[in-house]
Amino acid sequence: MKHVLRWIAAAVMALVLLVVVFVAWTQTVFQGERDATLEAWRNPAITITSTPDSIVMEPADGASDTGLVFIPGAKVDPYAYLRVLSGVVEAGATVVITKPTLNLAFFDVRSLDDFTAAAPGVDEWWVGGHSLGGVRACMLAGEGESDAAGLVLFGSYCANDLADSGLEVLSISGSNDGLTTPDDVTGNAGLLPVDAVFVELDGANHADFGDYGVQPGDGESTMPREESLAAITEALEAALLGTP
């Protein structure tokens, strides 16, 4: 009996240790670059509000009709996306960047409504995300009770079938992305509606969709930062706001 109790105690201790190590691993994130984050905070054309669940970005001159709930990539600081998404907010959209549970979108069981509630004045909502965040966004968009009008993917693709969903879809990818490769995007395109819009940024890599530095396994970016930011903003404006 004592041997059994010792075995159970050892097993419990091992499990606790694994949980502690895993939680510690999730807290080691790709930090947002300070200068890029400050640039967004100091932008007079937008207002930024941080809550325990999300970061809300709104046009400074008033509420907007269209919004985007955006889910960060795995273990990427949510603030790393402020500058990247500032352009479409300046143009008139509201953006809610989520703060995923344990910094991993797959562990976040909250619904889309839990985040859209942060900006109740918005009439039409899109959902999107970067990398693993995009995969989670596909899942939220495909839920039966989802009110999402569209889907935005940054260096990502869907694992669930949305081909007959009727969603508007924008997929932005990088030709030099070493983590979500062009072949990954093309190979999973059949899971999206036939009228999905695909934009490939020539020379962009996986980390170009945020401001958080180099990511292991990624390709080398050869696209100037100003150009990638402008191209992302242009594509988002066309999709969300109908800007030609």
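I took a disulfide to be a pair of cysteine sulfur atoms within 2.5 Å. By that rule I count one disulfide.

Ground rules: I'm in a predicted model, where local features need pLDDT of at least 70, side-chain atom pairs count only at pLDDT 80 or more, and totals for chains, interfaces and linings use all residues. Residues are numbered from 1 along each chain as its sequence is written, and side-chain values use heavy atoms, with hydrogens and water left out.

**The disulfide.** I found Cys138 joined to Cys158, S to S 2.0 Å. The pair links distant parts of the chain, 20 residues apart: Cys138 sits in helix 5 (residues 132-142), Cys158 in the loop between strand 6 (150-154) and strand 7 (168-174). Helices (H or I, at least four residues) and strands (E, at least two) are DSSP runs, numbered from the N terminus. I looked up the S-S torsion of Cys138 and Cys158 too: about -80 degrees, so the disulfide is left-handed.

**Cover.** Buried is under 20% relative accessible area, exposed over 50%, partly exposed in between (1.4 Å probe, protein chains only). Cys138, at 0%, counts as buried, and Cys158 does as well at 1%. Phe107 counts as partly exposed at 41%; I located Phe107 in the loop between strand 4 (94-98) and helix 4 (112-116).

**Strand 5.** Six of the seven residues in strand 5 (residues 124-130) are buried. I checked its pairing, which takes at least two DSSP bridges between two strands. Strand 3 (residues 66-71) runs parallel to strand 5, with six bridges, and Ile71 has Gly129 as its bridge partner. Strand 6 is also parallel to strand 5, joined by five bridges; there Trp126 stands opposite Gly150.
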